Amino acid sequence: MPSRQQNSQTATLELLKKINPFHLLDDLTLAKVAQHTDLDFYTKGSYVFRQGDLSRQILFIIAAGTAEVTVLDEHDRETVAGLRQEGEFFGETVFLSDEPYPGSARALTDLTCLIVPHGVFETVLGRQADFLAQFNRLLTDRMRSLYQSLVAEPRDGTVAQEQPMRKRVSYLMSKPALTAFPREDVAELAGRMAACNVSSLVVVDEDNRPLGLVTEKDLVGKVLAIRNLPKNLTAADIMNSNIFTVEPASFYFEALLSMVRNKVKHLVVASGGRLEGIVTIRDLITSRSMGNLSIVNSIEAQNSIEGLAKASGEIDRVLRALVIEKAVSKDILQIITELFDRLTSKVIQTCEQEMVKEGHGPPPVNYSWITMGSSGRQEQFIKTDQDNGIIYENVPDDKKERVAKYFLQLGEKVAEGLYRCGFAKCEGNVMASNPQWCRSFNDWRDAINKWVEVLNPENIRMMTIFLDFRHLYGKKSLCDLLRNYVIRKFQKSDTALQSLVMDDLEYRVPLGFFKQIVTEKSKEHRNMVNLKTAACVHLVDCLRAFSLREGIVETNTLKRLELLAKKKSFSADDAEALTSAYETLMMFRIRQNLLQIDKGNEPDNYITPDDLNKKEKAALREAFLAVERLQILTGQAFFSSEA
């Protein structure tokens, strides 16, 4: 006759078979889990654990009933953070550590829980790949929700306002758009625009498909400014057929990015190829409280470094407004990078003109201005130190000295211009004013060959600086060709890739034995952690190494991760966890840097975990855990016998 204990294990086994992800385990493994699993009962209204209690290092799985997870705020007010129902688990945030519970769990009804100690994960479940993948997916979903709630909730306790950055274009656009047919007379177009007080109209065919755009600028430049004006000019004669379109369901920030990137003031809104409306830069400015988005026009209107320096200050206000309006970190980085790119391009153009005025002439050959570091990865959100260079076309030996001198002088001018616009000069002199970072295409190839073949610490440092290079201005094909050369070189050299990986793995994510965040002990930064060096740099380094091995040309960290997931370098679960980690870390870095600026301090990436609320601290810890796993996966991928 079965004993009471055997009956209990049988009941536990049957329950586990119904619960995700334990249902993925075979009967033998389930039986081992059941041996170490108990059942606990809680009456309605009783607490399973309270916020601040030390972790029992247990995973609670609900067999019957409902539990509510609550959190006490700074004023000891309890709010419900979530519900857990039959088949769901809770207590996962600290079940592998002895840290205090960040919230409380209370039985909303009579509650029966399976009690799984963390030791079971180490001794029984550690090698169950399908189980762990699904378990990680569930944890990732929790982490994603946590990150999204952090973005949505203001820290000061005020009610979150509508998020303008998440408004749809359909809400912003002018509808219906003023239209014309290709054969309509220009005079009729001008009269219609004046009568309707609009700055543009869309030229469409009989099926209402947009063919082009006519603006006030077209009327002035292509009609009024022309002497001996041809008779019977039509819309087709003066329209700009190179139009940029956006879907009605697109977000505000996507429309803004398109305008900034393509240097236009009008976007045609179309769905299924048919005209829906039009959205202008003025629509974006007036639709939100972000302030003076006319910076897009202001930068282009400047013709001196002094003017650009004044215009650059507006970008800082845009950043602050984006944070206030709860834009997510990915969107913030995209928009600010585009604005910095536009500012830098205008500085380069201005310096080229100065070179001509001073008698040096235009550039003697084509060149690509490249940007590196956070700017190269399109992750720059404040004006950091400059990291830039020049790749110019090869020239005969008798012209090398003159051409090199020209581009070094141009590099010096641009570096000084960027400095006056708020970008500090690089202390390590990684700038186009340095011959080491201003070379012909062949000289760049020679330098790369040396770095890869002589793997000393200095050359590895050079590679980590250089390898996120991105074209910003000039002849893009020079940058693209060099990028392809770099990838081929690294794909042929396992040793070079391993050296890059070893350089990163030498330093680990600062997590303690119980997976708590380990802070610094130095007097200056006691109880603080540097988010950039502690976690973000590992994300960048590891994903860069994988991207080089897989031949990925993208330099942006999230885009690299997306492409690596498609190539199955990472599971969907790991990719999702790393994406959430990246967004969480960048969100904290942006906030912290703005806070330092507000205090009149130099911006940095240090944060004090104990200053965070419970939800923020949990999100930060989960981000560190995800990056720690990335380092483990990287070591396995590049140093295992199968790599």
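**Close-up views of a predicted model**

**View 1. Open four-stranded sheet.** Four strands form an open sheet in the order β1-β8-β3-β6, with antiparallel pairing. Its edge strands, each pairing on one side only, are β1 (38-42) and β6 (89-90). The structure is a predicted model, in which local features need pLDDT of at least 70 and side-chain atom pairs count only at pLDDT 80 or more, whereas totals for chains, interfaces and linings use all residues. Residues are numbered from 1 along each chain as its sequence is written, and side-chain values use heavy atoms, with hydrogens and water left out. Strands (E, at least two residues) and helices (H or I, at least four) are DSSP runs numbered from the N terminus. Two strands are taken to pair if DSSP finds at least two bridges between them.

**View 2. Pairing of β1 with β8.** Strand β8 (residues 111-117) pairs with β1 in the antiparallel sense over five bridges. D40 stands opposite C113 in β8.

**View 3. Crossing of helices α22 and α23.** The axes of α22 (residues 572-598) and α23 (residues 614-639) come within 8 Å and cross at roughly 130°. Helix α22 is therefore oblique to α23 (under 35 degrees is roughly parallel, over 145 roughly antiparallel, 65 to 115 roughly perpendicular, and the rest oblique). Each axis is a line fitted to C-alpha atoms over the stretch in contact, and angles run from 0 to 180 degrees between N-to-C directions. The crossing of α22 and α23 is left-handed, that is, the near helix is turned anticlockwise from the far one by less than a right angle.

**View 4. Residues at the contact of α22 with α23.** From α22, D574, A577, L578, A581, T584, L585, F588 and R591 meet E616, A619, L620, A623, F624, A626, V627, R629, L630 and L633 in α23; contact means heavy atoms within 4.5 Å. The residues of this contact divide into 13 nonpolar, one polar and four charged (Ala, Val, Leu, Ile, Met, Phe, Trp, Tyr, Cys and Pro count as nonpolar, Asp, Glu, Lys and Arg as charged, and the others, Gly among them, as polar).

View 5. A cis peptide bond with omega of about -5° joins K175 and P176; P176 lies in the loop between α5 (169-172) and β9 (179-180). Q57, a residue other than glycine, has a positive phi near 55° and is placed in the loop between β2 (47-49) and β3 (58-64). N527, in the loop between α19 (494-505) and β19 (529-530), has a positive phi of about 65° although it is not a glycine.
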